[in-house]
Amino acid sequence: MRWQIGDVRITRIAEGQIDLPSQMLFPASDAGELAAMDWLKPHFLNADGTLTLSIHALLIETPALRIVVDTCMGNDKPREYSGNLLSTDFLDRFRASGVSPDMVDVVLCTHLHSDHVGWNTMWTGDRWVPTFPNARYLFGAKEYAYWKDNPQTDDDRALFADSLLPIVEADLADFVACNHCLCPEVSLLPTPGHTPGHVSVMIESQGQRAMITGDATHHPCQWTRTEWASLVDVDVAGSTATRKHLCEQFADEPVLVIGTHYPAPTAGHVVRDASGFRFVA
Ligand SMILES: [Zn+2]
């Protein structure tokens with residue numbers, strides 16, 4: 001799956017997907033109301049009422065830089081969240097994009113949850129090494145400081161040890177502001193709430209624009225129901241305020257919205273109609 005924004009090419013590289021009961025992901029959601037959102041079908045709402053979430057990386061190729069946004073769960077990483085050690089062919093799929101890991105210039109993590117940092121590193125049999133050895137890895141300074149001081153789960157502690165520290169120790173990490181500009185075409189957009197230092201990503205080239213959500217939204221239904229916060233939003237009021245702001249900022253604008261967890265077709269536009277906001281894939 002691939003999109004062209006002016007001179008910039010964006011490619012989705014999938015690791016996997018999961019179906020979840022809506023209540024598990026969004027405790028405040030209402031199954032009847034979801035079922036009534038006809039526009040979610042068939043891509044984003046299943047017949048049994050479950051929601052499909054995709055886990056994928058997005059490769060951004062500008063004229064000067066190859067940038068990977070979010071690195072999924074990764075292989076061989078013990079996590080409560082996934083229940084077992086993954087062993088996927090993600091790196092083969094990555095190479096099929098035409099870019100090999102050693103060609104990547106920048107890795108950007110929108111935030112530091114386990115499904116966004118996994119392929120930062122890979123297991124060689126005796127240690128974790130950077131998967132993208134020639135890249136600078138960008139971590140939000142605020143985000144990194146928060147999780148360093150406030151690990152809340154075993155997964156938080158584990159990912160710090162196996163997916164972040166090896167990058168820092170290899171001297172490949174840069175700690176950036178939430179509005180950091182990577183290059184003329186790519187910059188960060190602060191979207192706090194899901195986590196304190198969460199960022200989305202803006203792409204602009206030749207008058208065309210795209211936005212990568214990160215986990216500011218997990219699912220298109222949240223454009224309609226901005227207050228349906230995910231179970232793992234650190235600050236529910238903050239994430240809700242961020243989603244309301246994004247609705248106002250992007251509705252009816254010619255901005256391609258690419259969802260970090262939206263299953264295929266993954267990208268679309270936010271529109272406003274008489275009943276509020278929705279997402280048109
Ligand atoms: Zn996520």
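Visitor: Which ring does the charged end of K77 sit over?
Guide: Keep in mind that this is a predicted model. A charge counts as sitting over a ring only if it is within 6 Å of the ring centre. The charged end of K77 meets that, at 4.7 Å from the centre. The ring it sits over belongs to W128.

Visitor: Let's stay with rings. How many aromatic pairs are there?
Guide: Rings pair up here if their centres lie within 6.5 Å. Some of these pairs join up, linking Y137, F139, Y144, F160 and F175 into a cluster. Counted by that cut-off, the aromatic pairs come to 13.

Visitor: What kind of pair do F44 and Y262 make?
Guide: A pair of aromatic rings is described by the distance of the centres and the angle of the planes. For F44 and Y262 the centres are 6.2 Å apart and the planes stand at 65°. Planes over 60 degrees apart get their own label, so F44 and Y262 are edge-to-face.

Visitor: Which residues are the protein donors of the zinc ion?
Guide: Two of them are buried: D115 at 8% relative accessibility and H116 at 0%. Along the chain, the donors follow the spacing D-H-x98-D-x45-H. They lie 2.1 to 2.2 Å from the zinc ion, and they are D115 (OD), H116 (NE2), D215 (OD) and H261 (NE2).

Visitor: What arrangement do the four donor atoms make around the zinc ion?
Guide: Ideal angles for four tetrahedral donors are 109.5 degrees. To count as tetrahedral, all angles have to lie between 85 and 135 degrees. The angles around this zinc ion run from 85 to 165°, so the arrangement is irregular.

Visitor: How many disulfides does the count come to?
Guide: A disulfide needs two cysteine sulfur atoms within 2.5 Å. No pair passes that test, and the count is zero.

Visitor: Which cysteine has the sulfur nearest to C109?
Guide: C109 is buried, with 2% relative accessible area. C109 is in no disulfide, as the nearest cysteine sulfur is 10 Å away. That sulfur belongs to C72.

Visitor: Why is C247 too far from C221 for a bond?
Guide: C247 is buried as well, at 1% relative accessibility. The closest cysteine sulfur to that of C247 is in C221. A disulfide would need the sulfurs within 2.5 Å, but these two are separated by 12 Å.

Visitor: Is D273 buried, exposed or partly exposed?
Guide: D273 is found in strand β15. Buried means under 20% and exposed over 50%. At 29% relative accessible area, D273 is partly exposed.

Visitor: Where does P42, with its cis peptide bond, lie?
Guide: The peptide bond from K41 to P42 is cis, with omega near 0°. Another cis bond runs from A264 to P265, with omega near 10°, and P265 lies in the loop between β14 and β15. As for P42, look in the loop between α2 and β3.

Visitor: D70 and D171 have positive phi. Is D171 buried or exposed?
Guide: Phi is about 70° in D70 and near 65° in D171, and neither is a glycine. D70 lies in the loop between β4 (66-69) and α3 (90-95) and is buried, at 1% relative accessibility. D171 is in the loop between α6 (154-169) and β9 (173-176). With 58% relative accessibility, D171 is exposed.

Visitor: Stepping back, how does the radius of gyration of the chain compare with the globule rule?
Guide: The chain has eight helices and 16 strands. For its 281 residues the globule rule gives 19 Å. The chain comes close to that, so it is as compact as a globular protein of that length, with a radius of gyration of 18 Å.

Terms used:
Residues are numbered from 1 along each chain as its sequence is written. This is a predicted model: local features need pLDDT of at least 70, side-chain atom pairs count only at pLDDT 80 or more; totals for chains, interfaces and linings use all residues. Side-chain values use heavy atoms; hydrogens and water are left out. Buried means under 20% relative accessible area, exposed over 50%, partly exposed in between (1.4 Å probe, protein chains only). Donors are N, O and S atoms within 2.8 Å of the metal (3.2 Å for Na, K and Ca); water is not among the atoms, so sites may look incomplete. Four donors count as tetrahedral if all angles lie between 85 and 135 degrees; four count as square planar and six as octahedral if opposite donors are over 155 degrees apart and all others between 65 and 115; anything else is irregular. Rings of Phe, Tyr and Trp (its six-membered ring) pair if their centres lie within 6.5 Å; planes under 30 degrees apart count as stacked, over 60 as edge-to-face and the rest as tilted. A charge sits over a ring if NZ of Lys or CZ of Arg is within 6 Å of the ring centre and within 35 degrees of the ring normal. Helices (H or I, at least four residues) and strands (E, at least two) are DSSP runs, numbered from the N terminus. The radius of gyration is taken over C-alpha atoms; the globule rule is 2.2 Å times the number of residues to the power 0.38.
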